[in-house]
Structure formats: structure tokens, C-alpha cells
Amino acid sequence: MATNKVEVKLLCKHCSDPIPGAPFTYKEEVFCCMGCKTVYEVLDQNNLCDYYDLADQPGFSLRSKTKEQYEYLDEQIIIDRLVSPISPSLALVILTLPQIHCSSCVWLLEKLYKFHEGIFSSKVDFMRKEVEIRYNPSSVSLRRIVETLDMLGYKPQIDIEQKQDRSHDEKLKIKIGVAGFSFGNIMLFSFPEYLGLEDAYFKLWFGYLNLALSLPVVFYAGSDYLVQAWYSLKFKTYNINIPLALGIVVMLLTSIYQVTTGTGAGYIDSLSGLVFFLLIGKWYQQRSYHYLSFERDYRSYFPISTTRFQNGQMAEVSIENINEGDELLIKNNQIIPVDGILVSDNTSIDYSFVTGEENAIVVLQGEKIFAGGKLRDRSMTMVASRKVKNSYLVSLWNDAAFHRNEDVYQTLTDRLSRYFTLAILLVALAGFVHWVPASFDKAIKAFTSVLIVACPCAIALTGPFLYGNMLRLLSRRGIFLRNSQVIDKAAGIRHLVFDKTGTVTTQLEKELYYHGKVFTDEERRMVHALAFQSVHPLSMAIEKTLRDSIIEEVSNFYEVDGKGVSCICRGHLVKMGSAAFLGLPLDTSQETRVQIAIDNKVLGYFVFRNQYRDGFAKVVTDLRSSGMGVSLLSGDNDKERQRLEILLGSEVEMRFNHDPHQKMHYIQSLQQKNKVAMVGDGLNDSGALKQSDLGIVVTEGTNNFTPASDIIFKAEQFSDLASFFQLSRNAHLLIGGAYLIAVLYNVIGLNYAIRAELSPVVAAILMPLSSLTIVGYTVLSSGILVRRMLGGMTKIIKN
Amino acid sequence: MKIIFLLIGLSLLLAIGFLISFLWAVKSGQYKDDYTPSMRILHDEKKSTNKKQN
């Protein structure tokens, strides 16, 4: 890149890309395309050119931008779903803009009020990649706002299905605040007790004051633990909430008894401390990646609207309202929303995301086309043969796997808590029975003391802090987990199924081979100049391999979408594209070929082959050596079988030509024996991902569509897949260590308790101490583990 | 020593005041986004835009 920049004279002012051919100019600045120039013009007119000074390269290239249709944003139903009206002249809309990436973006997007009078204010949330716009709906329409954003290069990602609920997050913070407030004050008012002051007045008043302060702690901040314990008893799903609630209730009752009878100060400080620490743990493990979604279904992949011909007129229609027999217009690169029949001329459609077949398929006039495919040709017309929700691909979501109730997952902690509860109750009873003959009072005291001191605060904190810290560390390395239970689930997986296309092969980089006459330098530059003009992925790949310091100027550039490109360069006619485009006999090979001709003389062709992700073979070997089964599924034909067998060995089961439904059933059949994880990327894997015990999605950009899953892996981290599973198993060892510490504290505490000598002071010291030890241990040890398994922090990845 | 009851009452009132202001801060969304303000604060409002870096 560095050498590139020296020779190329002109860089676009907006996007800093080299400018091919003649630049677009405005004032003294030069631009690579009309889009970039427009943005600069608009910014200049509004005195907003500071945008370019605040951060390096704030702009995105708009060369590959296609014109979007936003007519549907004038429909009242859609507006109602997106906009929250506050008053007749004030409305609020929150839009997701995946392009937000630097401080210049924040600056510019908060200046939206300069573009339209009707916009009052706009506020960016950088981490969520969202902008919150307040505007007057009677003077500026939602469509105008979205079009303005789109024109500036920030294309909103409009999703009418999702309106996130954020009140939960707020509630937890308030609960922590309340518990913290009470805890602090109760400690203060317990000082006389700690210091052993024997003033009856103080004792009485401070006792009641503390009791009053503990009520919001138990019945507001800690209410979730009581309620959940009640439900888990009711439905007989034992979890850690039961012993916790038992401890809370016993502590409260004992304290009330002691304070009202004047026999002691109770355990109010320990009680509020317990709830406070538990809530902190809850908050710590809650980590959401706002710009990632683990819940997406086909609706966020499909367009929201499409163009329909009706009575000889074209109109935008939202895809839910498409009926059988409607005639639709689909443009290049658009996604086909519904099954139907091709009416216009032969065309080619890319089904890679739906079926896993890599190469675009030629569809003849009158043939069936399926929803989810992407048109790789000029606009076409089709007649819908079904409604969207009955389309073949979409019917996957009607399958039972998507409707089965998520049964409550029991983590290791939950599974152990059952025995734990039983054990404490036994010890408490033993203490009670032991003391009954001597003194009933002491028997009660021993019984309650055991329940109080054995309250599994330390155990309940282990999971949140250990997994919460791992979640945080993993996300910095490009591995995003849906929640902390995922690590626990991953430890139990015994079989891993890979999807082929897009998952273990790279989507962007394909291996390029050239067959034919070797290029001269001049020819090479001419072909490069041609490839540079086009934004088709194959052209871009060729451009990358041929890249040179000099970019030739071209004229008469002409592109037939999905077929080929041609131009005049240095007086020669350069052509590049499919065999048909160059007038050659039909290509019968299974490969993707791009033919090259100069002055109508064919020089040769480029072949594109899948490139497997770095470290794929090693991941499979590592997984297998750790005792896990591995298989490979593909919707594609088996032309790659040999290559894969050489790469992975013949023991890995490979299945080809599987459609989305078959993939799901294959997972089902494996689940008879083992816990199965599925690694996929596209819509075609959605069923399998949902059916599996652990769905992992590999994505090359966090802005891309990812089907619903438990884990999102950035493609660069793919080679860490085996280490991740190892990590999840090792995490269980760390949990074991934490339990050992907890048990140690319990033995000390029980020692006092069983002798009926537990004083509130001892409890007040033991409890926070054990909690803090656990927090320190888990955070430190998980940090070391992640570093050992996945390498140091040199690989920090933002976004 | 009776004065201590007045002091305790005052200190509790003060603490409740802090609690209320915390609740207000959460409700008004001040904890919603703790990253963007750090980027926003670096932007100066400039009248003339002559500074060019490249």
C-alpha cells in the first residue's frame, strides 16, 4: 500500500481512495466518484468540512453504492413501527448506522439539524452504532431523514421487527443503587455492635433503623432471588436460587426476632452485603454487544419492500403484502423475497447464502426461482407463486425446532446446588438435634446459624465473575458470546459440524489461478485498469492480484451486470467476463472462470477457487485429538471432496448436496448420541444452528447478516475455534477451584455455627471476605487462562 | 449523647438525597452510554476552517 500511494497522484478528498480515470472536481478538491463529491458539496455548503480534519479517513468510498428506494418509509404502518411520537410536533426515531466508526462520524451525525429545519437534535451512541433523532414530523419526513443519512454515506439498517427493550438494564442499576445505599448505612449503624458498645438505647434504635433499611434490600433489590427460588421449587428445577433464598429468609427472620426481642443485633449487615454482592455479580456478567444480534431471522436478511407492477404502474409494496400472482421487479444485487417464476429473459442468481452453492446459477425464462437468492444480473421481472411466509426457505422457520420451548439450561452451579442445599439442611438438622437436649434456644441458634453461614454467596458469585470476565476478554479477541452460560454449554459439546461454503471457506478472498498466455507488463496494466473500474467481487479480486503503482486511464467503460466489463485503454479494446460475454462457446466446466480478451483476442482466463480459512486443518486436527467428533456439511456439490479429504483426512464425515432442512435433520440424528455444535454462516444453516446445542456463526464483518446463534466468531479468529472449546473445558477446573475456596470458608463458618457461637460480627467478616476472595480468584485465574489459551493482548480487535 | 440521634437523622437524610440523585441519573439515561461523551468532548466549535492536515 505504501508504495502505491507515492505514485498515484490523486486521492479522493472524501474517502482517500486512489482515483481511477478522470477525477470529479469541486472547488479545488478531487473525488473518485459522484457520491463522494456530493457528500463533500453538501458538507461544504453547510460549513461542516471539519469532518475531514477530526479523524483520519472518515469517509467511506461511495463508488459501489447503489441507489436505495425508501418509498416504503412513507407508509404509515412502517412509520408507526419505527418512530415514537412524543407530541404532534415532536417525534423520536432511533436508527442503526453500522458505518459509524470514528469521532468524525459522531461529530457530523450530531450536526444533522443543519440539514433540515425540522430536525431538532441528533445524538449518537457510538457503542451501539445508533443515532437518536428528534424531529418535527410535520415539517420533515422520516424518509427525508433516512435519505439524508444515506446520501452522507451512513445507510441506516432498518429493521422493523426489532424494538429492543432496555428497561431491564436500568432496573438492575437502580437495584444495585438501593442495595448499596442500604448496605453502607447498615454498616454504619452496626458500628456500636462491632465495637461492643453496650448502650441499650443505641441497640434498640439502631436495631430498628437497620431493620427498616433492610426491607428495601430484601423486598425490592433481592426480590428476584426469592421469586425465582419460588418458581424453581414449583417447577422442580433446582438451581442456586433456592439455597440463596433460604439464607436470605432465615437471616431476615432471625434478625427480626433478635431485634424485636432485644436479644441481639441480627445479621442485617451480612444480609444486605450478600444481596449487594450478588447484584454486582449479575451486573458484571451482563454484557451485551449492542451492535451484534443473536436473534436475527430471515426477516432481517430480506428486503422490507419491493417493486410491484399493478395496473401497469410500479409501486413499492412491503413484502408481507405480496400475494400469489403479483408481478415483481427485482433489481441487480437485490434479494428475491418470495418464490416465483421468472418472466423476463434468462438471468443468473446467486444462491450461496441460501443453499451453500458457491456459483451463481443460470435460470431460464419460465423456470422457478426461490426466495433468498441474490440477483446477479440486470433487473428481472418475476411472478410470485406463493406468499413470503410460505416460501421454501422461510418454511424452515415453521419447523418445530424454532418453536420448542427453550428448556431452562442448568449450569454446573445449578446442578451442584441441589446437593449443596441438601447437605446444608442435613448439617443444620444435625446441629439442631445435637443441641435440643441441652437447650432449645441453642438448638434454634445452631440451626439458623448453619443456614446463614453456609449461604452459598461465594458459589453464586463464581459463575458470574468467572464467565463474565471471560466474556469480556473473549469479546476483545473477536469472539462474542450470547451470554455467560454459553461457556458452560461449550464444555459439554462432543461433536462439531461445519458448514462448508462461507464458513470454512473465505467469502472475500478466493484463490486466483491464471491460465493462458502470460501477460506483458502493458497487458497487465490494461487488464488491471479495467478491473479497477468495476465493483463486482470478481473484478475486485483480479484488481487486487494485478495491482500496480500506475493506474492507466480508460474510456468507454461498459459493464453488463453479472456478465462482464469492457473499456478502451491505451487505444486497445479490453474485455473481461464470462464466455458468453466474449462470444466464446458455452463454458461447461464447474469452475468460475473469467475470460480476458484484448482487441477481441482471447489471452486466457482466471479461475477462482475456494480458499479455506487459515488454520482450518489444524482446528479439525486439534478438535479430533481432544476427542471430539467432526463432520462437514455442504449444500454444494462434491467437487471439493478430494481436496478436503487430503486436507482433513478421510475420517471426517462429509456430506454434500444437503438443503437447509436436511442439514437440520442431520444435526438431529447426531444429537441422539452426543451434544452437537454447529458452525455455520448463512441462512441455509439457520435450522441446523437452531437445532444444535450450540450454534456458532462465523462472520467476516460484524455488520453482515448473521443467523440466530449462541456465539459469533469473527473470521480472523476462526483458527481459535479448537482453543475455545479447550478453554471452556478448563473453565470447569477453575470453577472447581473456586468451590474449594468456598467450602474452606464454609468449614470455618460452620465450625462456629454448629457450636451455636456464631456472632453477627464473625458472620459480617466471613461473608464479605469469602465473596471478595472468590471475586479476586475468578477474575485473576480466568484472565490467565484466556491469555494462555488464546494468546496475549496483542490481538485486541475493536468492533 | 442524645445529639447523636439528630446527627444520625441528618446523615440518613443526606444519604437518601444521594440515593435520589442516583435514581434520577439512571432514569434520565446518564448511564446508558458511557463511551460517546468521551469522543464528543474533543470536538471544538471552530469558526474558520483553514486548518488542513494533508
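In chain A of this predicted model, 65% of the contacts between residues at least 6 apart in sequence join residues at least 24 apart. Chain A has 799 residues, of which 44% are buried. Its secondary structure consists of 26 helices and 28 strands.

The domain assignment divides chain A as follows.

| Domain of chain A | Residues |
|---|---|
| domain 1 | 2–54 |
| domain 2 | 75–151 |
| domain 3 | 303–336 + 339–385 |
| domain 4 | 476–507 + 612–728 |
| domain 5 | 511–609 |

Taken over C-alpha atoms, the centres of domain 3 of chain A and domain 5 of chain A are 28 Å apart.

One helix pair in chain A is formed by α21 (residues 616–625) and α25 (residues 721–754), whose axes lie 8 Å apart at an angle of about 30°. Angles under 35 degrees count as roughly parallel, and α21(A) and α25(A) are therefore roughly parallel to each other. On the α21(A) side the contact is made by V619(A), D622(A) and L623(A), and on the α25(A) side by L721(A), A722(A) and F725(A). By class, five residues of this contact between α21(A) and α25(A) are nonpolar and one is charged, with no polar residues.

Chain A also touches chain B: 18 residues of chain A are in contact with 19 residues of chain B. On the chain B side, α1 (3–27) and α2 (36–40) each supply at least two residues. The most comes from α1(B), which gives seven residues to the side of chain B that touches chain A. That side of chain B has 11 nonpolar, four polar and four charged residues.

Note on methods:
Residues numbered from 1 in each chain as written. Chains lettered and ligands numbered in written order. Predicted model: local features only at pLDDT ≥ 70, side-chain atom pairs only at ≥ 80, totals over all residues. Domains from an automatic or database assignment. Helix = DSSP H or I, 4+ residues; strand = E, 2+ residues; numbered from the N terminus. Buried ≥ 20, exposed ≤ 12 C-beta atoms within 10 Å, placed from the backbone. Contact = placed C-beta atoms within 7 Å. Axes fitted to C-alpha atoms, helices over the stretch in contact; angles between N-to-C directions. Parallel < 35°, antiparallel > 145°, perpendicular 65-115°, else oblique. Nonpolar A, V, L, I, M, F, W, Y, C, P; charged D, E, K, R; others polar.
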